[in-house]
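Trainee: I'm opening this one for the first time, could you walk me through it?

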Amino acid sequence: MHDEIQSRSESAEDHFIRDPAYETVERDNFQAMVDVDRYDRRSHDFDAIISATHDHFWDPNDKSYVDFDLPFDMEREYLMPPERIQELRGAVLDRLDEGQQIKLGNEIMRWQISNIIHGEQGALNLSTGLADILLDPGAQEYATNQAREEARHVTGFSYYLKSRWGDAYPVGEVLGHLLEDLIKTPIVYKKLVGMQMLLEGLAMGAFANLHKHSRDPVLRRLVQLVMTDEAFHHKFGKIWADKTIANLLPDERNRVEDWAAECFESLLFNLVNIRQKRMVYERFGLDWKWVRDSVRETYDDDERRIELKDGNNVFRVLAKTLISAGIITERTSHVYAEWVNMKELDNESREIPGAAAVMDGIEDLRRINSQRKLIGQKY
């Protein structure tokens with residue numbers, strides 16, 4: 001995965017900047033930031049997203065928004081329905097009693113949520129990195145605003161992990177390599193496509209799935225709050241795509257498209273593969289290779305295709321995100337068509353997954369925040 005997503009040659013000329021709102025400078029070029037003329041060249045493309053921050057403000061340290069002290073019986077209840085966990089099928093069940101099955105299912109969720117917090121940390125670092133190089137004051141303000149929101153996601157998921165398990169698992173190799181590549185690359189389009197489309201597309205699908213199916217009300221509330229932020233983060237990348245993709249030269253567009261397709265295919269097969277979760281199975285005396293072979297008896301490519309028919313499936317959401325951004329054309333549609341009906345996907349609503357939960361969350365946040373203002377006015 002690490003080698004697959006690396007470009008053969010990366011240079012500053014590869015940024016593909018087509019709109020001044022996304023113009024960048026070298027990270028150490030602070031003189032460009034204090035150029036007096038720069039302050040008057042602020043774009044207004046991001047004003048609406050920045051202003052909307054007030055509507056979806058929340059604080060993970062305030063129980064008015066989410067109470068991490070609410071209990072959940074981890075010994076007797078599944079966080080997610082067992083039928084949605086690959087390992088809880090077939091021969092694996094024969095080696096574990098009912099209590100162990102619940103513990104295994106919840107440990108797998110611990111691994112998944114651990115990688116969510118690692119992804120949020122990556123998004124935080126990517127946002128601060130963009131703030132260092134975006135020349136437009138409006139774009140820079142947006143990036144710093146997103147960094148603030150990603151930081152509270154890290155805090156929120158760290159509290160949740162602590163309340164349910166104590167700590168997190170290390171980052172999975174595939175996600176860790178992708179995040180490191182995106183943070184270190186000097187190529188701006190990779191940062192924007194990688195963070196605002198690949199990562200946000202995966203995240204919105206994962207959060208919508210957790211909100212719909214999780215049996216833990218604290219987790220459902222947390223992901224709903226995070227989704228109210230992520231819905232706006234996605235818009236930043238969409239603005240870039242609308243202003244950039246159609247204006248690229250054919251060779252440039254092909255490079256963006258091919259890179260996105262490589263990432264999609266590699267993530268599809270490797271993001272949550274069995275080998276990466278080997279430390280989970282060791283807790284139950286299970287060899288990861290045996291678990292892999294057992295899962296293959298009940299989970300194959302046909303089953304994967306069935307899963308991708310779910311509107312909240314993370315890879316279906318990711319493919320839809322790339323279609324909406326114009327990053328999938330006939331050249332690369334075959335990569336995605338192997339797993340999902342592209343005509344069907346293209347005709348679906350462009351509404352983000354979990355849109356109803358997002359709107360409900362924003363309305364609830366407006367109510368809470370308005371009450372906080374009233375209380376503040378008394379003092």
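Trainee: What caps the N-terminal end of α5?
Mentor: In this predicted model, Asp 136 does, since one of its side-chain oxygens lies 2.8 Å from the backbone nitrogen of Gly 138, where a polar contact is a donor and acceptor pair of N or O atoms within 3.5 Å. Residues are numbered from 1 along each chain, local features need pLDDT of at least 70 and side-chain atom pairs 80 or more, while totals for chains, interfaces and linings use all residues. Side-chain values use heavy atoms, without hydrogens or water.

Trainee: And how far does α5 reach?
Mentor: Helix α5 covers residues 137-164 and spans 41 Å from its first C-alpha to its last, close to the 40 Å expected, which is 1.5 Å times one less than its number of residues. Helices here are DSSP runs of H or I with at least four residues. After α5 comes Gly 166, with a positive phi near 110°.

Trainee: How does α4 pack on it?
Mentor: Helix α4 (residues 98-133) meets α5 at about 160°, the axes being 8 Å apart, so α4 is roughly antiparallel to α5. Axes are lines fitted to C-alpha atoms over the stretch in contact, with angles from 0 to 180 degrees between N-to-C directions; under 35 degrees is roughly parallel, over 145 roughly antiparallel, 65 to 115 roughly perpendicular and the rest oblique.

Trainee: What about α6 and α7?
Mentor: The axes of α6 (residues 173-184) and α7 (residues 188-213) cross at roughly 140° and come within 8 Å, and the two helices are therefore oblique to each other. Their contact (heavy atoms within 4.5 Å) involves residues including Leu 175, Leu 179 and Ile 183 of α6 and Gly 194 and Met 195 of α7.

Trainee: Which α9 residues does α7 meet?
Mentor: Arg 255, Val 256, Trp 259, Cys 263 and Leu 267; α7 and α9 (residues 250-270) pack at about 35°, with axes 11 Å apart.

Trainee: Switching topic, how confident is the prediction?
Mentor: The chain's mean pLDDT, the predictor's confidence from 0 to 100, is 89, and 94% of its residues reach 70 or more. Residues 1-12, however, fall below 50, although this stretch has 24 contacts in the model beyond near neighbours in sequence. Where pLDDT is low, predicted coordinates should not be read in detail.
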